[in-house]
Amino acid sequence: MADEKKTPVVDASQKVETKAYVPTYKIRPELKAAVMKAIGKYPFNQIASIMNAINVEVMDHNTLTNVVNVLGNFPYQDVAQLLSSINDFVEQVVEE
């Protein structure tokens, strides 16, 4: 008889659990004060969404990226110092 290779049978009805790693960051309260110092003079409708976004204790990577992108829309002289020191206000949360 010829040797037949048997392929393993996969049960397609089983759920596969995958947990994608999304970096999260602990936000220091000083970030809100630094943002207000940098862009607080602008009209409410220009800064309200970013102030709501940073008024949290923990932020995911995508939200942090969006915050940095929004800050990048303000004049360089207003946000350059804040953006160059953004790492002083966030700390990556490492899951064990």
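Which helices each supply at least two residues of the lining of the largest pocket? They are α1 (30-39) and α4 (76-84), where helices (H or I, at least four residues) and strands (E, at least two) are DSSP runs numbered from the N terminus. This is a predicted model, in which local features need pLDDT of at least 70 and side-chain atom pairs count only at pLDDT 80 or more, while totals for chains, interfaces and linings use all residues. Residues are numbered from 1 along each chain as its sequence is written, and side-chain values use heavy atoms, with hydrogens and water left out.

**The largest pocket**

- The largest pocket holds about 170 Å³ of space, a volume being the space filled by probe spheres set on grid points that are joined across faces, edges and corners.
- On a 1 Å grid over the protein atoms alone, a pocket is an open set of points where a 1.4 Å probe fits, with protein on both sides within 12 Å along at least five of seven lines, and lining residues have an atom within 4 Å of a point.
- The lining consists of Ala34, Lys37, Ala38, Asp78, Gln81, Leu82, Ser85 and Phe89.
- These lining residues divide into four nonpolar, two polar and two charged, with Ala, Val, Leu, Ile, Met, Phe, Trp, Tyr, Cys and Pro counted as nonpolar, Asp, Glu, Lys and Arg as charged, and the others, Gly among them, as polar.

**Salt bridges**

- Side chains of opposite charge can pair when their charged atoms come close.
- The structure holds two salt bridges, each defined as a side-chain nitrogen of Lys or Arg within 4 Å of a carboxyl oxygen of Asp or Glu.
- One of them joins Arg28 to Glu91, with the closest N and O atoms 3.4 Å apart; because Arg28 lies in the loop between β1 (24-27) and α1 while Glu91 is in strand β3 (residues 90-93), the pair ties together parts that are 63 residues apart in sequence.
- Arg28 counts as partly exposed at 33% relative accessibility, and Glu91 is also partly exposed, at 42%, on a scale where buried means under 20% relative accessible area, exposed over 50%, and partly exposed in between (1.4 Å probe, protein chains only).
- Lys41 and Asp78 form a salt bridge through their side chains, at 3.1 Å from N to O; Lys41 lies in the loop between α1 and α2 (44-54) and Asp78 in helix α4, so this pair ties together parts that are 37 residues apart in sequence.
- Lys41 is exposed, with a relative accessible area of 62%, whereas Asp78, at 15% relative accessibility, counts as buried.

**The sheet**

- Three strands form an open sheet in the order β2-β1-β3 with antiparallel pairing, and two strands pair if DSSP finds at least two bridges between them.
- The edge strands, β2 (58-60) and β3, each pair on one side only.
- β1 and β2 pair in the antiparallel sense over three bridges, and Lys26 has Val58 in β2 as its bridge partner.
- β1 and β3 also run antiparallel and are joined by four bridges, with Thr24 standing opposite Val93 in β3.

**The segment before β1**

- Ala12 is placed in the segment before β1, and at 75% relative accessibility Ala12 counts as exposed.
- A distance of 40 Å separates the C-alpha atoms of Ala12 and Glu57, which are 45 residues apart along the chain.
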